[in-house]
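Try each task before you read its solution.

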Amino acid sequence: MTATPAGITYAQYLGLDDLLSAQRPLSGLHDEMLFIVIHQTMELWMKEMLHEVDYAIRLIGKDSFAAAYKALSRVGRIQSVMTLSWDVLSTLTPVDYLAFRDVLGTSSGFQSAQFRELEYRLGLKDEAYLKQHSPGSDDRARLDQALLQPSLRDAAAEALKRAGFDVSGGTDAAWLEVYRNADAYFELYQLAEKLLDLDDAMAMWRHKHVLTVERIIGNKRGTGGSAGASYLRSTLEKRLFPELWSLRTDL
Ligand code: HEM
């Protein structure tokens, strides 16, 4: 533990000088402030999610399920807040946004290294997105590292293995068995439901993003160079644990 400096103030402890001087609108237009603040709050929440997901992965690795559920429940509450916050951004009309959209240049949430790191740590390890981050940059180093680290998906598969399941050909059959004998495998069953909560909430966040994008820019191309809403709609099918969804049919 680091010693607390004598007489430390609220602003010093929280680094508010840095935090509150990081909103620098380029257009001078009223609504750009909201646009910046909403992105920054989401980035802060992603930072906290990464912190909790890393912890949950380590706890699952030790079969400390109760503590892992606690971390995952916190992630779930953060996801709820993040999804709800799209409604604040929806108060930005297309007219308001188009007035300053030019100042964004080629910048886009597409380049959010924390969002991609989160996907990687959860188990969606699509290396194609690495090209958004130049080799040698800090962001790229974090993403390269995240690809090597065990993901939440890996941690769950390892937990099944430790419980005696054969997961060499995938986890589908193991999870189905867990659900068919929920009493016998209660901890894994509870873990699966937490993982599904997280997957569900990711899909909800993505969904509200697309809806917000559609109401603000329609089908215009994105500043990051993608086709825009149609690209985002293509990400709605992404699932961290597709087998937990499909087993519902097989039960
Ligand atoms: C006016 C508001 C917004 C619009 C019009 C918008 C539009 C878009 C578009 C069109 C894309 C696709 C990539 C591109 O071509 O640029 C994108 C991606 C993305 N945006 Fe937004 N966005 C908005 C707000 C936000 C906010 C507040 C966040 C929060 C951090 C965010 C995070 C992301 C992320 C993480 C991606 C990558 C998604 C993926 O690859 O799955 N966006 N956005």
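**Exercise 1. The overall layout**

Solution. Begin with the ground rules. The model is predicted, and local features need pLDDT of at least 70, side-chain atom pairs count only at pLDDT 80 or more, and totals for chains, interfaces and linings use all residues. Residues are numbered from 1 along each chain as its sequence is written.

Next, assign the elements: helices (H or I, at least four residues) and strands (E, at least two) are DSSP runs, numbered from the N terminus.

Then take the dimensions: along the principal axes, the C-alpha atoms fill a box of roughly 60 × 55 × 35 Å.

Finally, look at contacts, where two residues are in contact if their C-beta atoms, placed from the backbone, lie within 7 Å. Among contacts between residues at least 6 apart in sequence, 68% join residues at least 24 apart.

**Exercise 2. Helix 4 from end to end and face to face**

Find out what span helix 4 should have, and which of its residues are buried.

Solution. The expected span is 1.5 Å times one less than the number of residues. For the 20 residues of helix 4 (residues 65-84) this gives 28 Å, and the end C-alpha atoms are 28 Å apart, which agrees.

Now for burial. A residue is buried if 20 or more other C-beta atoms lie within 10 Å of its own, exposed if 12 or fewer, and partly exposed in between, with C-beta atoms placed from the backbone. By this count, Ala 68, Ala 71, Leu 72, Val 75 and Met 82 of helix 4 are buried. Viewed down the axis of helix 4, these buried residues fall within an arc of 95 degrees (taken from the directions from the helix axis to the C-beta atoms), so they line one face.

Helix 3 (32-61) and helix 11 (186-217) are among what covers the buried residues.

To check one case, take Ala 68: it counts as buried because it has 27 C-beta neighbours inside 10 Å. Leaving aside neighbours within four places in sequence, Ala 68 is in contact with Ala 56, Leu 59 and Ile 60.

**Exercise 3. The nonpolar core**

Say which residues have the most contacts inside the largest nonpolar core.

Solution. A nonpolar core is a set of buried Ala, Val, Leu, Ile, Met, Phe, Trp, Tyr and Cys residues joined through C-beta atoms within 7 Å. The largest one has 30 residues, and Val 53, Ala 56 and Ala 156 have the most contacts inside it. At least two residues each come from helix 3, helix 4, helix 9 (152-162), helix 10 (172-180), helix 11 and helix 13 (242-250).

Arg 121 and Leu 122 are among the buried residues of helix 7. Helix 7 (residues 113-122) is mostly covered, with seven of its ten residues buried, and these pack against helix 3, helix 8 (138-148) and helix 9. Just after helix 7, Gly 123 takes a positive phi of about 130 degrees.

**Exercise 4. Around the ligand**

Determine which element gives the most residues to the shell around the ligand.

Solution. A residue belongs here if its C-beta atom, placed from the backbone, lies within 6 Å of the molecule. Of the 23 residues around the ligand, Ser 108, Gly 109, Gly 222, Gly 224 and Ser 226 come nearest. Helix 3, helix 11 and helix 12 (229-234) each give two or more residues to the shell, and helix 11 gives the most, with four.
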